[in-house]
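Hi everyone, thanks for coming along. Please bring the structure up on your screens, and we'll walk through it together.

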Amino acid sequence: MAEGFDIDHLAKLARLSLTAEEKALYSSQLNQILGHFQALADADLPATIDDARVVNEDALRSDEPGLVLGAEAVTRIAPASRDGQISVPRVVDDES
Amino acid sequence: MSNVPSDWEVVIGLEVHVQLHTRAKVFASSPWGFGKAPNEQVDPVVLGLPGTLPVVNREAVEKSILFGLVVGSSVPEHCSWDRKNYFYPDNPKNYQLTQKDFPVVVGGQVEIELPGASRNVMGEHKFIRIHHAHLEEDVGKLSHAGSGSLVDYNRAGVPLLEIVTEPDLRSSAEAEAFLRSLVAMLTQAGVADCDMEKGQLRCDCNVSIRRRGADKLGTRTETKNLNSISSVRDTVIYETARQIRELEAGRSITQETRGWNAELGRGYVLRDKEDAHDYRYFPDPDIPTLKISRETVARLAKLVPENLYDRQRRYVEKLGLPYTAASVLVNDRALAEWFELAVAAHPTNPSGIANLVANDLLRDLAASAGAAGSFDEAVPAQVSLSSCPIKPAQLAGLVKLTDEAVISKQQAKEVFAEMFKTGQDAAAIVDAKGLRQNSDTGELEKIVQEVIADPAVAKSIAEYRAGNEKAINALKGPIMKRTQGKANPVLIDQLLRKFLG
């Protein structure tokens with residue numbers, strides 16, 4: 001299959017564990033989707049910004065602080081928490 | 001700074017992340033600030049909960065545009081936001097909202113000043129080009145505890161302007177000078193506070209080396225998350241030496257992400273977030289492209305303060321200030337404006353005013369306030385003039401009294417201290433303390449003539465008459481002594497010149 005992507009790499013980036021059948025299925029579906037986009041990309045359109053997706057500054061919010069959830073509510077929706085913080089498996093960024 | 005062997009050249013580019021001075025977050029209305037209990041400044045939009053939509057904060061956009069105007073960038077007609085996708089717990093919704101293709105600031109430059117040969121001498125000036133700056137959201141803060149990590153999302157969603165330079169910097173000293181200049185510009189325009197201790201300014205530092213004269217850039221490394229000017233300087237010195245060592249040993253440089261251990265003074269390779277460079281950016285479907293009106297740009301342009309080096313040139317060239325005083329004043333906009341108000345009240349001696357402001361006033365303000373933290377450990381934190389007991393016109397009054405020789409420079413110090421303590425006018429203090437100098441010409445003439453007649457000063461008189469101007473000073477001491485320091489120095493000088501003719 002001449003696809004412009006690597007299904008194993010994509011699955012890894014998306015944190016998905018796929019079976020061989022799923023890989024084949026999603027590869028073919030992704031190819032179809034990319035085909036649609038290729039058709040769009042091939043269309044001869046002027047290279048301008050889409051006005052329909054442009055807003056002016058009226059669409060901005062004013063710098064007024066609003067309500068917060070509170071640490072109790074934030075931690076309640078997390079699988080695990082401790083002392084008002086969300087608890088996750090150890091991620092190491094520092095010198096080791 | 002000249003630890004680089006002359007046949008190697010170091011090339012540095014910086015990515016400076018600055019938290020903008022706003023009250024609410026950049027895409028949400030949650031407030032933010034330093035020192036709050038964990039997760040107390042979080043709302044559903046920050047967490048990206050289902051059904052929420054981000055809306056861009058006007059103030060964050062305007063502060064970004066203002067920065068663009070400060071560095072002379074052309075403000076684009078449009079800007080837009082993209083999703084940068086990655087899984088990491090500091091990021092509550094698995095993507096960060098940022099600007100990839102259409103950032104809010106494009107181009108511009110920052111003037112820098114390198115250290116001179118001594119403190120009194122101005123160093124070389126250079127311009128460092130800004131590639132672009134984009135407005136994005138900050139991420140949460142991780143701390144590591146035992147076998148797990150803890151996440152605080154208070155910082156997530158704080159407006160962050162990432163300022164990216166061209167690879168124009170050529171030494172650790174230039175990197176340092178750039179950051180000083182940038183911090184001064186950001187704070188003076190009110191764009192950001194740049195408080196290092198609160199993590200409001202963090203820096204990624206790209207370093208590569210090449211043979212001097214080579215066109216092609218060498219392989220670079222990126223040292224991430226530096227939170228002080230000294231860390232940036234030390235990283236450049238360390239990374240330059242390391243890369244030279246590698247290349248001279250016949251090895252090659254690996255393009256890698258590194259960290260910096262400020263305590264141990266050494267860098268280390270970061271274990272990369274898996275596939276961290278594959279962010280699969282795409283335009284954020286929730287935030288429409290923003291059209292930036294020219295009216296807004298014109299309104300913000302009026303808020304751009306005088307560039308600090310333009311101000312410094314004006315002080316030295318037009319007001320005749322010594323470089324040392326000028327360079328201190330221009331670093332702090334409020335202080336410079338305070339100084340200018342004093343000059344307006346007494347325009348004939350800007351240097352006299354500058355010296356009092358840059359030395360005595362700053363010293364006493366710092367002592368009375370206790371300095372707060374700044375990103376730059378080498379430069380004292382900005383002092384607060386709002387609580388200054390002396391008003392600009394009052395300081396001008398003190399300098400005027402000295403210029404008119406009503407009091408001596410020595411006495412001016414004493415009066416200044418009293419003014420700082422009480423907030424009284426200089427003239428009132430001078431009168432209350434009976435400091436007005438003796439300007440009785442008749443009595444002074446007699447003393448001057450007696451001193452001139454003293455054989456002990458004959459040699460100095462001969463030297464003065466032979467053309468050595470400075471020799472006249474040897475006669476002033478004895479006259480001052482006889483008047484118990486109350487004689488007017490200007491009058492003494494006039495009388496001496498008259499009698500020695």
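Let me start with a question: is B:Cys194 buried or exposed? B:Cys194 counts as buried, because it has 22 C-beta neighbours inside 10 Å. The cut-offs are these: buried takes 20 or more other C-beta atoms within 10 Å of a residue's own, exposed takes 12 or fewer, partly exposed is in between, and C-beta atoms are placed from the backbone.

Before going on, some housekeeping. This is a predicted model, where local features need pLDDT of at least 70, side-chain atom pairs count only at pLDDT 80 or more, and totals for chains, interfaces and linings use all residues. Residues are numbered from 1 along each chain as its sequence is written, while chains are lettered from A and ligands numbered from 1 in the order in which they are written.

Back to B:Cys194, which sits in the loop between helix H3 (172-188) and strand E11 (201-211) of chain B. Helices (H or I, at least four residues) and strands (E, at least two) are DSSP runs, numbered from the N terminus. B:Cys194 is not a glycine, yet its phi is positive, about 55 degrees. Most residues other than glycine have a negative phi. B:Arg280, also not a glycine, has a positive phi of about 45 degrees. You'll find B:Arg280 in the loop between strand E14 (266-269) and strand E15 (282-283) of chain B. B:Arg280 is partly exposed, with 13 other C-beta atoms within 10 Å.

Now let's zoom out to chain B. There are 16 helices and 16 strands in it. The radius of gyration of chain B, taken over C-alpha atoms, is 29 Å, well over the 23 Å that the globule rule gives for 501 residues, so chain B is more spread out than a compact globule. That rule is 2.2 Å times the number of residues to the power 0.38.

How is chain B divided? Its parts are domain 1 (8-299), domain 2 (306-433) and domain 3 (441-500), with bounds from an automatic or database domain assignment. The centres of domain 1 and domain 2 of chain B, taken over C-alpha atoms, are separated by 35 Å. Across that boundary, 20 residues of domain 1 of chain B are in contact with 13 residues of domain 2 of chain B; contact means C-beta atoms, placed from the backbone, within 7 Å. On the domain 1 side, H3(B) gives the most, with 5 residues.

What about the core? The largest nonpolar core has 113 residues, and B:Phe178, B:Phe339 and B:Ile353 are among those with the most contacts inside it. Such a core is a set of buried Ala, Val, Leu, Ile, Met, Phe, Trp, Tyr and Cys residues joined through C-beta atoms within 7 Å. H3(B) gives this core its largest share, 9 residues. Domain 1 and domain 2 of chain B both give residues to this core, so it lies between them.

Last stop, the partner chain. The contact takes 46 residues from chain B and 37 residues from chain A. On the side of chain B that touches chain A, E9(B), strand 148-152, gives the most, with 5 residues. Strand E1 (residues 54-55) of chain A is joined by 2 bridges to E16(B), and the two run parallel; DSSP has to find at least two bridges for strands to pair. Within that pairing, A:Val55 stands opposite B:Leu290. Thanks, all!

Definitions and conventions. Contact = placed C-beta atoms within 7 Å.
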